[in-house]
Amino acid sequence: MARLACDIGGTFTDLAFFDDASGALVVEKSLTTPRDLTRGIEDAIGLAGIKTAGISYFVHGGTTVINAITERKGVKTALITTKGFRDVLEIARGNRPDLYNLRFEKPTPFVPRYLRFEVRERIGPNGATIEPIVLADLDAIIARCKAEKVEAVAIQFLHSYAAPAHEQEAAAYVRERLPGVPVTASHEITREWREYERANTAVLNAYVQPIVLRYFDTLERSLRGRGIDGSLAVMQSNGGTTSFAWAKEHPITLVESGPSAGVNAAALIARLTSEPNVIYLDIGGTTAKCSLIEDGHIKVTTEYKLEWSRTNPGYPVKVPVVDIVEIGTGGGSIAWFDRSGALKVGPVSAGAEPGPACYGRGGTEPTVTDAKFLTGALDPDYFAGGRIKLDRVAAQKAMQKIADGLGCSVEEAAVAVIRVADADMINALKLVSIQRGHDPRDFVLVVGGGGGPMHGAALGRELGVRATIVPRYPGYFSAWGMLVTEPRRDFVQTALTRAGDMTIGRIRSLFDELVKEAEAYFRADEGLKPTDHRYVFGIDLRYLGQEHWVTVPMPTLEGASVEGILADFHAAHERAFSFKLDDTPVEFVNFRLTAMATIATPALTPLDEAGRSLKSAHKGTRKVDLGDDGRIEAAVYARDELPAGATLDGPAIIEEASSTTIVHPGQRVTVDKLGFLRIR
Amino acid sequence: MAKNGAGAAEAVTREIIRGKLLATVDEMGIVLARASMSPVIYEVLDFACGILDADGQLIVQTNGITLFTGTFGEQLASIRKRHGATMKDGDVFMTNDPFEGGTHTCDIALIKPIYVGGRLEAYAIAVAHWVEVGGSVAGSISPDAREIYQEGVRFPGVRVCRDDKLQQDIVELIRINVRLPTMALGDLNAELAAVRIADMRLKEVFAKYGANVVHDTFSHILESSEKLSRAAVKALPDGRYRAEDWIDGDGITDERIKVCVEVAIAGDQITFDFTGSSAQRPGPINCAYGALLSSAKTIFKALVDPQAPSNDGWFRPVTITCPPGTVFTARPPAPTGWYYEGSAQASELVWKALAPLAPERFSAGSYMSLCGTYLGGRNPATGEMFVHIEPAVGGWGATDARDGTSALIATTDGDTYNYSVELMEAKYPLRVRRYALNTEGGAGAGRHRGGYGAIREFEMLGDDGFFYTGIGRSIEKPWGLNNGGEGSNNYLEWRSNGTRQRVSRVPYQAVRKGDRVAVVTGGGGGFGDPKTRPIEEVAADVRDGYLTPDQARQAYRVVVSADGAIDQRATAALRAGG
């Protein structure tokens with residue numbers, strides 16, 4: 001038995017391979033091959049030198065879906081709506097977040113107006129039919145789709161979350177008459193209300209579906225060709241996996257496939273280290289991503305917006321996505337001066353090609369990685385395990401631009417770039433913690449990604465967390481996370497009901513329906529028995545008149561009562577919003593079911609102590625400029641040689657092939673039995 | 001200028017402090033929105049938070065909408081005038097007086113002086129729209145108010161906290177004068193939490209970096225913005241530029257109200273002079289001076305740097321003048337409840353005057369009016385009364401680079417969302433029959449055309465129904481730029497029992513079950529000569545149903561069939577015809 005995970009990132013394709021028999025974990029990296037992503041996977045497998053025959057489980061995460069959308073490489077898509085509402089996709093929400101821009105442009109809809117069609121039908125908010133559907137209206141639409149060579153169709157009718165019958169009829173009618181053209185009905189993706197958001201979600205699903213179909217078919221052929229005959233899974237955005245087959249029908253659920261694995265891995269670290277509260281930071285080549293894990297649970301929302309920024313409303317996608325704050329500051333982010341002469345870092349990145357100047361591949365812009373290198377944090381001969389020899393002259397030449405602007409030396413400029421990058425990351429970390437009412441002193445900071453360990457100790461100190469934890473193989477954190485991720489699907493049903501009209505019987509029957517769906521899903525897709533499932537129930541409630549709601553989690557339905565749920569709601573509302581309204585009527589809004597399947601995942605084995613000692617790990621010393629802590633001589637250690645239980649004091653540099661951990665003066669590192677570094 | 005290494009470190013420290021200040025005002029906003037009970041605050045984002053230095057200059061601000069762009073300084077100045085001598089640590093002041101720098105009575109500002117080590121170092125301010133402050137109608141914005149007394153309680157910079165404790169007598173005064181006291185006091189507490197967060201965060205910043213470095217950062221923020229701002233003004237040709245416009249009624253009468261501006265640019269100075277605008281009106285369309293400042297500064301900011309964070313440095317080159325007693329500088333006891341319609345007109349005047357000078361920063365005229373409409377009645381299922389309040393999205397003007405944006409919220413609002421049809425139908429006895437782009441009304445033709453407005457048609461399903469509305473730009477059309485065509489008008493269409501009426505400002509109208517009320521917004525103005533619009537773009541508009549073949553022929557001189565097929569020969573002949 002062996003398992004293989006592949007995480008395709010913007011720059012690298014990461015591989016993690018686990019042999020159940022020996023307990024050995026193999027990690028490897030190859031360059032991502034944007035034109036044919038399968039090749040990057042094959043390259044990584046080749047580099048790793050692993051035996052693929054007999055791999056019983058393959059799991060995969062990547063950027064196919066998000067790239068197809070952001071690069072507008074999807075297919076020609078049509079949208080069919082309720083009569084009177086074809087423009088909803090273009091009207092969107094009408095908001096203008098870029099307040100002073102009198103030339104504000106809305107995001108362009110993914111379906112142009114001439115491919116948006118209307119059908120006579122109407123369902124009311126309670127699911128009752130107000131006007132029956134006129135299927136004959138579809139004939140002309142189908143003819144137009146044929147004439148226009150439409151490649152995918154989305155259908156969204158008002159209130160289909162309450163009663164999907166009309167969407168089902170229309171979808172069946174169109175599928176029969178447009179063979180080979182994938183059709184997405186909005187209720188198949190989400191049963192939550194809000195017509196624009198659901199329409200956009202259905203449209204994006206349709207828009208990428210043919211591409212994802214082709215991609216998975218190619219990948220599957222390649223894997224089967226290598227003798228991988230086990231089950232094929234894919235990482236979704238909700239921190240769980242699903243099968244290739246299901247993903248092909250619901251590709252939009254893969255939109256944040258890669259990042260969600262890292263967050264899930266951080267949740268596992270929370271369990272392994274008995275630190276239930278984690279702030280997770282992943283620093284990659286182009287961005288840094290933060291997420292919060294409270295009481296061991298990742299946060300999943302359906303409020304995700306693609307391409308959102310402070311000035312862009314983005315495209316809402318109502319599928320469960322791990323709650324992540326992302327900023328445009330990563331290792332490859334370029335330092336520059338704005339119009340007023342202020343030093344900024346990112347969001348423009350040197351990317352994989354040409355990469356930071358110090359990679360010596362033609363990059364001329366000063367990046368965060370160049371700055372780290374010039375301060376002495378990186379060993380030019382041991383970057384990426386020695387695979388990339390860092391070019392000091394090129395880095396200095398690039399950083400000179402910043403030195404000239406600031407009127408200082410190149411080394412001082414490098415320190416300045418790191419300070420600005422760290423400040424950006426601190427603000428993002430505070431956004432997910434302090435600004436959402438969490439006290440960092442109750443949390444540990446877990447860092448991942450190639451860049452995480454380089455910044456983690458400094459950020460952890462400024463944030464005031466209990467400790468900063470550097471897991472093993474931080475540069476492969478997402479790929480490793482995929483190996484340990486279980487199948488998961490989130491179900492939701494909007495059923496607006498006042499508390500006075502709600503009974504526990506109705507609540508049970510609503511959840512029973514969702515559980516039935518979950519059982520059918522796992523049976524069909526994973527071949528799993530109901531005994532393998534775990535369920536988490538949740539209800540969204542709000543005070544009458546409110547727009548926002550609070551999710552009240554329910555560990556079990558046993559002994560639940562409407563009164564008990566309401567009491568929990570009042571308490572949860574007070575926690576989240578600092579007040580409760582005892583005398584105001586309450587509404588039940590959405591019913592949520594998270595279904596997870598228990599499958600065997602590889603255990604992380606304790607460090608093999610053989611041949612490890614603090615002494616053998618000590619490689620010498622290096623001068624490093626740590627900004628406020630000054631330019632000092634730091635001890636350099638090889639992480640692979642550090643034994644469990646070792647303790648060492650900063651300043652120190654701990655090197656491994658995929659990353660470098662910086663420890664500041666006054667900080668102490670301990671190596672735990674699993675090999676995690678804990679910095680305090 | 002050569003700088004040494006230490007100077008470089010300081011420059012970076014200043015940027016880091018600036019980042020922390022911006023994060024602080026963001027956090028104030030998050031705290032305020034989270035603790036508020038009012039959808040106007042947490043949905044419409046009708047609030048703003050800021051930090052001002054000890055001299056009362058705005059250093060950082062966060063806005064959800066543009067209406068508070070210039071009010072903070074004025075409000076703080078009036079507080080300092082009243083209480084400067086007795087102000088001490090632990091005080092918090094409350095003001096909502098339009099005649100002391102505010103907007104309308106619903107917008108309540110809380111100001112907290114921040115002391116570090118016994119020294120006054122800064123002020124934190126939070127302003128938010130309370131759902132209700134009393135007065136003649138629920139919601140305190142009476143469409144036909146004649147005096148401010150009908151618009152609720154005024155708080156003339158009262159000390160609402162002493163020694164950081166809420167003054168119970170003021171709390172009781174609020175409780176007894178407003179219709180929704182729980183909500184009002186909840187919002188008071190939310191704003192208090194916001195200014196207290198600022199106090200805490202600023203104390204941390206002063207402790208970490210020292211007073212000198214923070215002061216240096218404050219000056220740097222103001223001076224670097226001022227420098228950019230002056231450079232932007234200097235780049236514009238010196239001269240005097242005028243614009244005039246009409247306000248279509250004040251809520252009491254439909255009499256059109258003339259307004260005008262003269263923009264004078266001399267070197268790096270710019271003056272907006274609204275002299276000549278009509279006298280203040282009996283109805284609530286009036287603005288007081290603070291609102292006028294906001295509306296002019298909003299457009300000025302759009303001119304000099306729309307995305308950079310706002311502070312008073314940007315506005316140092318600006319002088320705004322207008323004699324007292326006009327519709328833009330109303331004096332007590334003028335009502336100002338609908339000031340946001342008046343200030344939208346002031347913004348558009350400045351915009352219209354400046355647009356030809358800096359076409360790369362502006363667009364042609366927009367639908368402009370929020371078209372705020374109240375639909376209400378009794379829910380037949382529950383017997384409860386309801387009121388649904390909606391601003392409407394509409395068409396924006398074209399620019400020198402592209403077509404105008406369709407169905408977008410007006411300048412006065414910002415990150416404000418329209419209401420989901422599905423949510424609304426589940427909540428109220430209303431059925432939306434149509435939510436569509438208003439292609440029938442059309443948009444300004446041009447090399448780039450205006451964006452389209454929207455049609456939102458409601459069927460009233462309840463009993464005892466009513467609506468009231470305040471719709472501007474119902475007579476005067478959005479203006480075009482560079483020979484672009486005019487846009488189209490906003491209106492409300494009420495259909496009942498076979499009759500059909502178009503209205504714009506209506507204090508109260510009873511309606512029957514089954515009546516249709518459609519809020520229709522106009523298209524924006526066009527940019528450039530329509531005859532120069534590429535034929536393919538016109539054909540694409542026809543294929544998309546934005547234009548009819550007839551309109552394509554009339555406005556653009558393009559002969560195209562309904563499916564977008566171009567008759568090149570006929571088009572060439574028509575376009576050559578001059």
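# Briefing on a predicted two-chain model

**Chain A: domains and overall form**

- Along its principal axes, the C-alpha trace of chain A extends over about 80 × 60 × 60 Å, and 55% of the 680 residues of chain A count as buried.
- Among the contacts in chain A with a separation of 6 or more, 67% are accounted for by residues 24 or more positions apart.

**Chain B: domains and overall form**

- For chain B, the domain assignment gives domain 1 (5-227), domain 2 (363-533) and domain 3 (535-576).
- The C-alpha centres of domain 2 of chain B and domain 3 of chain B are 27 Å apart, and the contact between them takes seven residues from domain 2 of chain B and eight residues from domain 3 of chain B.
- On the side of domain 2 of chain B that touches domain 3 of chain B, three residues are nonpolar, two are polar and two are charged.
- Chain B has twelve helices and 20 strands; its radius of gyration is 25 Å, close to the 25 Å that the globule rule gives for 578 residues, so chain B is as compact as a globular protein of that length.
- The C-alpha trace of chain B spans about 80 × 70 × 40 Å along its principal axes, while 59% of the 578 residues of chain B count as buried.
- Of the contacts in chain B with a separation of 6 or more, 72% come from residues 24 or more positions apart.

**A four-stranded sheet in chain B**

- Four strands of chain B form an open sheet with mixed pairing, and their order is β8-β9-β10-β11.
- The edges are taken by β8 (239-248) and β11 (318-321) of chain B, each of which has a single partner strand, so one side of each is left without a neighbour in the sheet.
- From one strand to the next, the twist averages 15 degrees.
- Strands β8(B) and β9 (residues 256-266) of chain B run antiparallel and are joined by ten bridges; within this pairing, B:V261 in β9(B) is the bridge partner of B:A243.
- Helix α7 (residues 289-304) of chain B packs on the sheet, where it touches β10 (269-273) and β11 of chain B, and the direction of this helix makes about 145 degrees with that of β11(B).

**Where chain A meets chain B**

- In the contact between the chains, 53 residues of chain A touch 61 residues of chain B.
- On the side of chain A that touches chain B, α3 (88-91), α7 (195-225) and α12 (410-432) of chain A each supply at least two residues, and the largest share, seven residues, comes from α12(A).
- The residues on that side of chain A divide into 24 nonpolar, 13 polar and 16 charged.

Definitions and conventions
Residues numbered from 1 in each chain as written. Chains lettered and ligands numbered in written order. Predicted model: local features only at pLDDT ≥ 70, side-chain atom pairs only at ≥ 80, totals over all residues. Domains from an automatic or database assignment. Contact = placed C-beta atoms within 7 Å. Nonpolar A, V, L, I, M, F, W, Y, C, P; charged D, E, K, R; others polar. Buried ≥ 20, exposed ≤ 12 C-beta atoms within 10 Å, placed from the backbone. Pairing = 2+ DSSP bridges. Axes fitted to C-alpha atoms, helices over the stretch in contact; angles between N-to-C directions. Rg over C-alpha atoms; globule rule 2.2 N^0.38 Å.
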